[in-house]
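This report describes side-chain contacts and surface features for a reader new to the structure. Please look at the sequence and the model before reading on.

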Amino acid sequence: MKKILFHIILSFIFSSNIFAQATNNIKISAVLNSDTNEIKIKQETVFHNKSDSILNVIYFHNWANSYKDKNTPLAKRFIENYSKTFHFTNDKNRGSSVIKSISTDFEIATWEITEENPDILKVNLNKSLNPKDSVLISATYIVKIPSDKFTDYGVNEEIYNLKYWYITPAVYSNKWVLFNNLDMDDLCMDFTNYQIDLKVPKDFIVNSDLNSTNTITSNFNNYLLTGKNKLDIELNITKNSDFVSYDLSEIEISTNLDSEELSENLKSSILKREFHFIQTYLGKFPQDKLLLNKIEYDKNPVYGFNQLPSFLAAYSDAFEWDIQLFKVLSKKYIEQVFLFNKRTDYWLADGLQTYLMIKYVERFYPEVKAIGNISQLWGVKGFNLAKIDFNDKYPFVYQFAARKNLDQALTAQADSLSNFNRKIVNKYKAGLGIKYLETYLDDISMPDIIYDFSYKNSGKKIESNDFIKFLKVASIKDIDWFENDYLQTNKKIDYTIKKIKKNNDSLEVSILNRRKFTTPIKLYGVKDQEIKFTKWLSNIDSLTTIKIPTNGFDKLSLNYESILPEYNLRNNWKSVDKKLFNRPLQVKFLKDIENPYYNQFFYTPVFRYNYYDGAVLGLAISNKTLLNKSFQYKLTPSFGTTSKALSGTFSFLYEYLPENKQVDRFLAGISGSTFQYAENLTYTTLTPFALLEFKRKSLRDVSRNAISASYTIVDRERSLTQTQPNEANKYNVFSLNYGYSRPEIIDDFRFSTGFEVSSKFSKISLTAHFRKLTDTNRQFDFRFFAGSFIKNNTSTDFFSFALDRPTDYLFRYDYLGRSETTGFFSQQIIINEGGFKSILPVSYANQWLSTINTSIGLWRWLEVYSDVGFVKNRNQKVYFAHENGVRLNFIQDILEVYFPFHSNLGWETSQPNYSSKIRFVLVIKPKKIFNFIRRGFY
């Protein structure tokens with residue numbers, strides 16, 4: 001017995017030594033200078049070659065150097081995300097990592113850092129590193145800490161929050177796994193043993209998740225930080241710590257994610273509950289200390305909390321703090337248990353976190369609604385949005401993205417995802433996928449499977465596909481559809497019940513797969529919203545007819561419990577007995593989310609304004625919900641308070657979003673409107689139209705290009721005093737246009753060209769617009785326009801090219817007073833065609849027109865503008881037009897003001913009624929403002 005025990009102990013010691021030898025070791029001696037925000041570092045790294053390859057170089061991630069200037073991959077990523085703060089900041093706010101010396105096994109070594117990859121350090125070994133051997137790499141370097149206003153990590157007035165602040169050896173897995181810092185907090189690194197001797201000014205204290213001892217000298221607070229099998233070491237260095245520690249017996253958790261409304265006992269109780277809940281799924285936490293910084297939450301919040309105004313108190317303080325902390329804790333827990341490559345293989349980590357959040361809310365907060373206590377308010381509780389549970393937001397957000405064709409495959413590399421998908425949609429889809437497997441794989445227990453998988457892989461570098469293999473071994477059911485289509489594509493799932501044939505004691509049900517995605521789906525028999533019958537259906541790849549018994553239900557539904565993240569739930573219902581309407585009609589006040597059990601239409605008060613109708617009060621009747629639909633209609637009868645006349649608009653459109661085609665969107669429809677264009681004079685338009693929008697290179701590509709065609713029929717009421725010919729009252733115009741735009745925040749380029757033909761004229765035009773922000777944050781704006789008539793038999797300037805204010809004969813611009821020639825409303829301009837601001841003696845061109853509009857920024861929104869142009873009319877010489885002045889560019893293309901100084905008229909500032917010469921741009925379309933705000937998100 002003793003001999004056996006001896007062999008067991010010996011084997012344990014031997015295996016422990018092997019493990020220790022295979023673990024990288026980092027020893028750091030560092031001193032923080034709070035005056036210069038620099039850390040002087042001496043670092044010794046013992047790197048173990050765990051591969052079968054002979055290595056001649058060792059790569060390190062040097063992400064502290066990604067802040068060194070505006071040309072790094074990180075700086076370019078900020079620009080992609082429509083943030084120019086880093087681009088134009090002072091150099092003192094940037095960071096860097098300056099390498100002073102490097103040696104390998106005590107011999108001086110050479111190293112390389114390229115301009116293209118400044119955050120990756122290549123160390124050339126003096127001798128080859130064989131498999132299973134190790135090398136000691138010593139480095140001396142200085143890290144300049146950046147301001148925290150760029151990524152939340154860095155320094156502010158009194159606090160240092162440090163992440164990826166030291167050089168870390170890259171992972172070698174058949175090849176070096178190297179990534180630039182893109183503000184995604186996804187550095188790929190191996191488990192490492194740490195010993196950090198850190199000196200900070202004596203009035204600072206250090207928070208970390210390492211074991212810590214400290215001594216205070218006359219100038220410094222000396223910390224010795226140690227830990228084994230850790231990943232990145234985050235540090236919080238502050239004068240006044242806001243971290244609170246909670247002792248959970250098996251682990252100490254420190255966090256500054258606080259709630260002033262909750263007692264410490266309640267917070268401790270909630271945290272224990274969270275930790276033990278996660279532990280039942282993922283097993284024992286591998287460390288005895290954990291740091292949860294609120295920055296983690298701020299960068300990845302619980303979406304829904306931060307979208308609702310805080311004064312509404314939508315959720316209880318306990319629930320809000322609980323879910324916020326659970327999101328951070330579950331993320332940290334998963335990251336410490338498994339070692340994923342989070343740049344290329346993230347779906348399982350994201351899916352497990354979302355799945356755990358769904359299960360946690362199911363267990364402890366099943367009664368909480370998506371919009372919380374707001375759902376109980378008068379006037380709100382009748383909405384379908386108020387009735388859905390908190391967990392229903394996950395399929396809703398996925399549907400929102402899928403209906404707009406904005407979703408991406410779960411296996412797409414993380415840096416290729418739009419911010420919307422990376423932060424929200426892909427996380428939700430991954431979690432919903434695991435939840436769906438839990439329901440479908442009814443021969444296994446998903447919690448048990450996750451626990452076993454965690455137990456066998458804890459502390460190991462794994463791939464998400466290992467989990468799929470684990471499931472395939474455990475269950476007899478086929479999940480190839482999940483592995484291939486659900487994970488690797490953005491194919492949509494959409495089934496519908498086409499027909500029900502009733503026999504004596506059975507039903508023949510025809511089910512159609514409307515998409516190229518074949519997945520198991522559940523069929524329900526329902527009566528009075530109670531489930532009477534269920535059956536799993538598999539391998540329905542087209543139209544399939546099945547036979548089921550009648551069993552006391554009057555409706556059949558696919559995916560009744562919305563377990564499957566399906567593209568369209570509205571077509572999942574069918575009444576057993578034939579009815580005129582498969583789903584009852586529901587009339588709702590204001591736009592709501594879809595209720596798939598009803599045919600819905602909505603009526604919504606609308607308001608607009610023009611000078612002649614006054615305040616236009618109307619009622620929009622529409623079938624459009626918060627989710628896109630293929631067919632949409634909108635009728636808006638309205639009444640003008642000044643004109644006392646009826647007015648309104650209507651539109652019917654069909655939208656088709658092809659998957660993985662060169663065409664991204666096809667839109668066709670018809671619209672019309674009637675309002676007053678002058679006092680007591682009405683116009684009516686009717687416009688059939690079509691649009692083809694082409695696919696972008698990726699969802700991170702902001703460029704768009706599209707072709708559109710329309711045929712506009714216009715009927716303008718004739719004035720009793722009108723002396724012009726009737727050509728400007730009734731006319732039809734066919735338009736064909738192509739547009740391209742790349743609205744980047746530094747370099748904004750737009751190009752469009754159009755062709756118009758009518759009975760009396762035809763013409764072509766071209767517009768190119770380029771806007772650039774220089775390195776000194778000065779804006780340069782350049783616009784070119786050229787237009788020419790091919791045929792022109794008109795006798796007025798109504799259809800002519802306008803030098804300053806277009807006539808808008810197609811009624812597409814948002815003029816507040818389109819026929820005004822004097823007064824405030826006449827000063828509104830739309831920058832189109834000639835783009836001039838001054839009204840010059842020759843304002844129209846009936847032959848051709850060419851102009852250049854430029855402006856240069858002086859300070860923030862203050863610019864000077866200068867325009868030149870050539871105007872050609874029949875039987876007249878070319879007129880040279882010029883002007884300049886000051887532009888207040890508050891919000892480009894939305895709110896601008898122009899003050900003309902000099903033009904063909906001379907010095908305009910010295911002329912009478914100068915105030916009437918001031919021009920302004922004002923756009924109040926909510927959609928355009930929303931598109932401006934959401935730039936860089938999706």
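The text below covers salt bridges, a nonpolar surface patch, aromatic pairs and charges over rings.

The model is predicted, so local features need pLDDT of at least 70 and side-chain atom pairs count only at pLDDT 80 or more, while totals for chains, interfaces and linings use all residues. Residues are numbered from 1 along each chain as its sequence is written, and side-chain values use heavy atoms, with hydrogens and water left out.

**Salt bridges**

Side chains of opposite charge can pair when their charged atoms come close. A salt bridge here is a side-chain nitrogen of Lys or Arg within 4 Å of a carboxyl oxygen of Asp or Glu. The whole structure holds 55 salt bridges.

| Salt bridge | Distance |
|---|---|
| Lys-163 and Glu-234 | 3.1 Å |
| Asp-186 and Arg-343 | 2.5 Å |
| Glu-863 and Arg-887 | 3.1 Å |

Helices (H or I, at least four residues) and strands (E, at least two) are DSSP runs, numbered from the N terminus. Buried means under 20% relative accessible area, exposed over 50%, and partly exposed in between (1.4 Å probe, protein chains only).

The salt bridge between Lys-163 and Glu-234 links parts of the chain 71 residues apart: Lys-163 is in the loop between strands E10 (159-162) and E11 (168-169), and Glu-234 is in the loop between strands E17 (220-230) and E18 (235-238). Lys-163 is buried at 15% relative accessibility, and Glu-234 is buried at 6%.

In the pair of Asp-186 and Arg-343, the partners are 157 residues apart, Asp-186 in the loop between strands E13 (176-177) and E14 (192-201), Arg-343 in the loop between strand E22 (338-339) and helix H6 (347-364). Asp-186 counts as buried at 3% relative accessibility, and Arg-343 at 2%.

Glu-863 and Arg-887 lie in strands E46 (residues 862-872) and E47 (residues 879-891), so this pair ties together parts 24 residues apart in sequence. Glu-863 is buried at 1% relative accessibility and Arg-887 is buried at 4%. Elsewhere, shared partners join Lys-163, Glu-234, Glu-296, Lys-331, Lys-332, Glu-335 and Lys-342 into one salt-bridge network.

**A nonpolar patch**

Patches are made of residues with over 30% relative accessible area and no salt bridge; like charges are joined within 9 Å, nonpolar side chains (Val, Leu, Ile, Met, Phe, Trp, Tyr) within 5 Å. Areas come from the Shrake-Rupley method with a 1.4 Å probe, and for residues only the protein chains shown count as cover. One nonpolar surface patch covers about 940 Å², its members including Phe-780, Trp-859, Trp-861 and Ile-891. Strand E45 (848-859) and E47 each supply at least two of its residues, and E45 gives the largest share, three residues.

**Aromatic rings**

Rings of Phe, Tyr and Trp (its six-membered ring) pair if their centres lie within 6.5 Å; planes under 30 degrees apart count as stacked, over 60 as edge-to-face and the rest as tilted. The count is 67 aromatic pairs. One of these is the edge-to-face pair of Tyr-166 and Tyr-194, with centres 5.9 Å apart and planes at 80 degrees. Tyr-166 lies in the loop between E10 and E11 and Tyr-194 in strand E14, so the pair ties together parts 28 residues apart in sequence. Tyr-166 is buried at 2%, as is Tyr-194 at 4%.

A charge sits over a ring if NZ of Lys or CZ of Arg is within 6 Å of the ring centre and within 35 degrees of the ring normal. The charged end of Arg-805 sits over the ring of Tyr-815, 4.4 Å from its centre.
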